[in-house]
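Grab a viewer and work through these exercises. Try each one yourself before you read the solution.

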Amino acid sequence: MAKRDYYEVLGVAKNADEQEIKKAYRKKAIQYHPDKNPDNKEAEEKFKEAAEAYEVLSNPEKRQRYDQFGHAGVGGAGGAQGFSSMNMEDIFSRFGSIFEDFGFGGFSSGRSYSSRSRSVQRGSNIRIKVKLTLEEIHKGVEKNIKVKKYVACKACNTTGAKSANAVKTCPTCRGSGYTVRVQQSIFGAMQMQTECSHCQGTGKIITDKCTQCLGNGIVKGEEEINIKIPPGVSNNMQLTVSGKGNAAPNHGGNGDLFVLIEEIPHELFERDGNNLYLEHYITFPQAVLGTNVDIPTIDGKARIKIAAGTQSGTLLRLHGKGLPEIQSYRKGDLIVNVNVWIPKTLTKEEKQMVESFMNSDNFQPKEQKQSSFFKRVKQFFE
């Protein structure tokens with residue numbers, strides 16, 4: 001089933017600001033909140049759908065990719081996690097604080113997926129930079145990269161305790177991870193669940209810490225990560241590999257890995273969006289008489305026709321010989337700027353041949369106004 005437009009899900013315009021998006025999400029969250037819709041599967045799905053839309057539209061980087069590429073821009077390596085497969089605890093751990101202004105902490109019914117029951121810490125994110133050649137950007141590439149990060153402590157299995165006997169139930173919350181108080185809200189008196197400050201929501205107290213991780217549950221390590229980079233990425237674009245960031249204690253979810261693309265300048269081609277530009281020189285006889293020449297392309301060679309009388313600065317366009325558009329079948333073009341090569345030194349015989357053309361009327365320049373290169377490029381696409 002195709003996903004609905006995120007702006008449509010929240011009921012906001014595409015130019016909505018951060019506060020409008022937050023307000024719209026809170027409205028949807030209240031409407032479909034499980035406390036108001038117990039055992040209602042349809043309401044739960046709409047609750048998740050709104051949470052997914054909010055995660056993307058409230059994040060400037062993800063919103064920019066979504067506006068440009070749609071759902072494809074925030075999926076796969078782009079990194080928007082689908083919420084349909086997530087449980088309610090995961091969603092509330094991300095956005096639980098947004099409900100507090102409306103009197104929601106967890107659920108008054110005490111369901112196990114409350115956002116305040118057994119708080120689970122999520123690992124922090126990691127950002128790395130990956131350098132790519134233009135050829136790699138053209139075809140797409142897989143990179144196996146070793147990333148220094150926090151990994152799960154094998155000695156204690158991320159519990160942070162020296163042994164199973166070193167973990168005790170928190171006496172304050174009695175293992176629930178939260179404390180309960182009554183608060184008035186727009187729906188009347190409701191139970192407000194807050195994280196237990198004694199155990200930080202874990203429900204457990206460590207009496208003897210693991211000697212390897214010193215009670216943190218994670219240690220410094222390294223992981224080789226396979227990163228799939230799609231064709232058509234651009235300089236400074238950021239991709240997300242979900243779950244490949246730092247590990248978290250107590251079996252918490254890993255953070256994400258952010259991959260910043262750095263494009264290596266090419267020795268032949270200059271890039272403008274999905275178009276490529278190439279400076280190509282031909283000889284004076286070729287310009288005068290016309291010929292066919294081979295020119296380099298990003299994936300090989302192409303033969304182009306040089307018409308007789310071609311002037312230096314002539315632009316030729318090869319359709320579809322540029323870079324692919326990300327998450328699309330469309331490709332840019334290769335623009336060839338043809339220049340006539342003028343030698344700096346001549347032999348005596350060559351000089352005599354050129355001098356024989358000096359007084360020829362046909363070799364006299366005809367007055368014409370020359371446009372700038374960029375103006376000619378602009379006119380070329382009009």
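**Exercise 1.** Which residues form a nonpolar patch on the surface, and what accessible area do they have together?

*Solution.* Start with the ground rules: this is a predicted model, where local features need pLDDT of at least 70, side-chain atom pairs count only at pLDDT 80 or more, and totals for chains, interfaces and linings use all residues. Numbering runs from 1 along each chain as its sequence is written, and side-chain values use heavy atoms, leaving out hydrogens and water.

Now the patch: Phe284, Val288, Leu289, Ile342, Phe357 and Phe363 make it up, with about 560 Å² of accessible area together (Shrake-Rupley, 1.4 Å probe). Next, zoom in on Leu289, which sits in helix 7 (residues 284-289). Leu289 has a relative accessible area of 65%, so it is exposed (over 50%).

**Exercise 2.** Is Asp256 buried or exposed, and where is it found?

*Solution.* First, locate Asp256: look in the loop between strand 8 (238-241) and strand 9 (257-263). Then check its relative accessibility: at 11%, Asp256 counts as buried (under 20%). Finally, list its neighbours: leaving aside residues up to four places away in sequence, Asp256 touches (heavy atoms within 4.5 Å) residues including Arg122, Asn125, Thr240 and Lys244.

Technical notes
Patches are made of residues with over 30% relative accessible area and no salt bridge: like charges are joined within 9 Å, nonpolar side chains (Val, Leu, Ile, Met, Phe, Trp, Tyr) within 5 Å. A salt bridge is a side-chain nitrogen of Lys or Arg within 4 Å of a carboxyl oxygen of Asp or Glu. Helices (H or I, at least four residues) and strands (E, at least two) are DSSP runs, numbered from the N terminus. Buried means under 20% relative accessible area, exposed over 50%, partly exposed in between (1.4 Å probe, protein chains only).
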